[in-house]
Amino acid sequence: MATTDTLELGIQGMHCGSCALLIDDTLADLPGVITSRTSHKDARANITVDPSQVDHDQIHAAIQELGYRTSQT
Amino acid sequence: MNLTAVLLTGLLAGGVSCAAVQGGLLAGLITRQRRAGQPTAPARVPAGNQREFKAPAQHGAHPTATPARATLGDDLTPVGAFLAGKLLSHTALGALLGMVGTAVQLSVRAHTALQLLAGVLIIAFGLAQLGVPGFRRFVIEPPAAFGRVVLRSTRAQTAFAPALLGLASILIPCGVTLSVEALALTSGSPVAGAATMAVFVLGTSPLFALLGYVARKAATAWRGRLALATGVLVVVMGFYTLNGGLELAGSPLAASRLLATSSTATSTAASAEANGSGPDAIPNTTVANGHQTITIAATGDGYTPTVTAKSGIPTTLVIRSQDAQGCIRAFTIPDRNLQQILPATGDTRIELGALTAGTLDYVCGMGMYTGHITTE
């Protein structure tokens, strides 16, 4: 059974619920991302990944490319 | 209802609000559909988990950035379908909100309360949009289930998927959209509510297509300015709505009262001039056989702003409608808790009894147009 890793990221720049959905929608296309739950209200994303397929930098970059800033919490 | 302000808000908000972000969701949907439809797509990639989006910060690495331009013609169909779906669901919601608002606003008091509440809410959304400290966290987050419905619709493979996503976008409104929904609630009729939402969605379309869809994100160079302009407009709309409530409540803080206080001398002169000297002798106050008749006009531009009368005489108010439209037809005297729907053209008589010295205000159904009878 593959091991999983959980990331909790702070996300700045979201202005509505659609932003959170766009982040989840984009992360879902990344191989190795198992689940992603982003909250606009909390300015935070909880992401479960398979570390053998994706690393943290790729997650950060994918979110940043959408125009948001990320921080490790 | 001032649809121009709503249109302007839509035009600006299309680049920064949920409208812009939904362009990203639509772009994702179309990209996935095209990948699924290409027989040359790498078969080794697990279904539903394809990759093309390798994270290293490579400029233009986004899957939609390059192909979007090459296939702009092909993109028009899904973008049009998305906007049609969005227009349909938002217009229907606008009609529903207008209907609910009309039902709630049966009494002047309820109408006033709703108008005040809507005004405060819209101002709060506007301040949140502007990032004013204390309001940044003012967020009404839709239920998680709504988000799941939207995300599911971004993964559909049917030809109708863009239209369905457009329909579903009603489930994830941002503050700006919620503000316009609050306006629709106070619009006074299902038709006005539907028009409010439709004009807003149509207004968002150009920037949605340019920034939201093609760029898949609000262009950062413009984002700050657009967000600022949108926030300012929302706040202005909020104060406008709030003032409507204050006018209905007869508050001394209402704009017409504040203006009247600040220019008493001017208004007295205007009153003297207006009273009986207009081209159609409106307004006009006549006394015959111990009965006073006050005639004022209700036109497409509002009401006769001021008219004078004598106290202690039984009085009839005649409102002469000349192409009166919209909320102007909902003639309201807040102090009497009275609302009378006027014909577009024709006379309406209201018995006021013997007036006492002072001021009796009249306003339209939304508190936008005002006037008063000054009794001496």
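**A pocket, a strand and a few buried residues**

Visitor: What is the volume of the largest pocket, and what makes a region count as a pocket here?

Guide: In this predicted model, the largest pocket has a volume of about 810 Å³. On a 1 Å grid over the protein atoms alone, a pocket is an open set of points with protein on both sides within 12 Å along at least five of seven lines, whereas a cavity is a set where a 1.4 Å probe fits but cannot get out. Grid points are joined across faces, edges and corners, and the volume is the space filled by probe spheres set on the points.

Visitor: Which residues lie nearest the centre of the largest pocket, and how many line it?

Guide: The lining has 35 residues, and those nearest the centre are A:G13, A:M14, A:H15, A:H40 and B:A128; a lining residue has an atom within 4 Å of a point. At least two residues of the lining come from each of β1 (5–12) of chain A and α5 (108–130), α8 (175–185) and α10 (220–249) of chain B. Helices (H or I, at least four residues) and strands (E, at least two) are DSSP runs, numbered from the N terminus.

Visitor: How do the lining residues of the largest pocket divide into nonpolar, polar and charged?

Guide: There are 17 nonpolar, 12 polar and 6 charged residues, where Ala, Val, Leu, Ile, Met, Phe, Trp, Tyr, Cys and Pro count as nonpolar, Asp, Glu, Lys and Arg as charged, and the others, Gly among them, as polar.

Visitor: Why is B:T316 called buried?

Guide: B:T316 has a relative accessible area of 1%, and buried means under 20%, exposed over 50% and partly exposed in between, with a 1.4 Å probe and protein chains only; B:T316 is therefore buried. B:T316 sits in strand β5 (residues 314–322) of chain B, and in that chain of 376 residues 46% count as buried.

Visitor: What makes the pair B:T316 and B:H291 a polar contact?

Guide: Their side chains are joined at 2.7 Å, and a polar contact is a pair of N or O atoms within 3.5 Å, of which, within protein, one must be able to donate a hydrogen and the other to accept it, while residues adjacent in sequence count only if both atoms are side-chain atoms. Beyond its neighbours within four places in sequence, B:T316 is in contact (heavy atoms within 4.5 Å) with residues including B:H291, B:I294 and B:R349.

Visitor: How do you know whether A:D24 is buried or exposed?

Guide: A:D24 has a relative accessibility of 8%, so A:D24 counts as buried. This residue of helix α1 (residues 17–28) of chain A has side-chain polar contacts with A:T38 at 2.6 Å and with A:S36 at 2.5 Å. Leaving aside neighbours within four places in sequence, B:L151 is among the contacts of A:D24.

Visitor: Why does A:S36 count as buried?

Guide: A:S36, in strand β2 (residues 33–39) of chain A, has a relative accessibility of 18% and therefore counts as buried.

Visitor: What are the conventions behind these values?

Guide: Residues are numbered from 1 along each chain as its sequence is written, and chains are lettered from A and ligands numbered from 1 in the order in which they are written. In this predicted model local features need pLDDT of at least 70 and side-chain atom pairs count only at pLDDT 80 or more, while totals for chains, interfaces and linings use all residues, and side-chain values use heavy atoms, with hydrogens and water left out.
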